[in-house]
Amino acid sequence: MAVNSNADAHGADGGNAGRAGAGIPDTARDGAGASGAFAADLLRGHTDTIVLGVLRRGDNYGYEIHKAIREAAGGEYEIKEATLYASFRRLTKDGLIEPYWGDETQGGRRKYYRITDAGRAVYTSNVAAWIATRRIIDSLLDAKER
């Protein structure tokens, strides 16, 4: 069952998602069930870190970042276009990523994103916080993998 992030489904993208994100499937689905909704809430809080993680591997544009996240999750999670572009705006505003236009010789012009040194530092800090949090939650729930 795929879990979709829909934190910004009501226009939080300021209207840029449709223009900048043409081609990204908007795959909001109902019926994810209680466990899917819970997982979506957990993932939603880590969207910016997930995007920074993708950009650590190299500069990329919206659709490819969307695809990389879906593939890394084995198809069990898809980020909504509005959520992704809201994340791009937050990360850009905070100086954690930098957008730039590509110089494609074919097709439409693409906006690429690159992670900054500050973005790498935030990513590293957030991953450390997640690991510590996961260890505590696993202990509290007695849910360690055996």
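Student: Hi! What classes of residue make up the lining of the largest pocket?
Tutor: Hi! In this predicted model, the lining has 14 nonpolar, 4 polar and 2 charged residues.

Student: And what is the volume of that pocket?
Tutor: The largest pocket has a volume of about 440 Å³. Of the 20 residues that line it, the closest to its centre are Leu-43, His-46, Thr-49, Ile-50 and Trp-130.

Student: Which helix gives the largest share of the lining?
Tutor: That is H6, with 6 residues. Helices H2, H3, H4 and H6 each supply at least two residues of the lining.

Student: Changing topic: which residues form a nonpolar patch on the surface?
Tutor: Ile-136, Ile-137, Leu-140 and Leu-141 do, with about 430 Å² of accessible area together. Leu-140 sits in helix H6.

Student: Is Leu-140 buried or exposed?
Tutor: Leu-140 counts as exposed, because its relative accessibility is 69% and the cut-off for exposed is over 50%.

Student: What about Arg-114, which residue does it form a salt bridge with?
Tutor: Its partner is Glu-98, and their closest N and O atoms are 3.3 Å apart. Arg-114 lies in strand E5 and Glu-98 in strand E4, so this pair ties together parts that are 16 residues apart in sequence.

Student: Which residues are linked with them in a network?
Tutor: Asp-59, Glu-98 and Arg-114 are linked in a network of salt bridges.

Methods:
Residues are numbered from 1 along each chain as its sequence is written. This is a predicted model: local features need pLDDT of at least 70, side-chain atom pairs count only at pLDDT 80 or more; totals for chains, interfaces and linings use all residues. Side-chain values use heavy atoms; hydrogens and water are left out. On a 1 Å grid over the protein atoms alone, a cavity is a set of points where a 1.4 Å probe fits but cannot get out, and a pocket is an open set with protein on both sides within 12 Å along at least five of seven lines; lining residues have an atom within 4 Å of a point. Grid points are joined across faces, edges and corners, and a volume is the space filled by probe spheres set on the points. Helices (H or I, at least four residues) and strands (E, at least two) are DSSP runs, numbered from the N terminus. Ala, Val, Leu, Ile, Met, Phe, Trp, Tyr, Cys and Pro count as nonpolar, Asp, Glu, Lys and Arg as charged, and the others, Gly among them, as polar. Patches are made of residues with over 30% relative accessible area and no salt bridge: like charges are joined within 9 Å, nonpolar side chains (Val, Leu, Ile, Met, Phe, Trp, Tyr) within 5 Å. Accessible areas come from the Shrake-Rupley method with a 1.4 Å probe; for residues, only the protein chains shown count as cover. A salt bridge is a side-chain nitrogen of Lys or Arg within 4 Å of a carboxyl oxygen of Asp or Glu. Buried means under 20% relative accessible area, exposed over 50%, partly exposed in between (1.4 Å probe, protein chains only).
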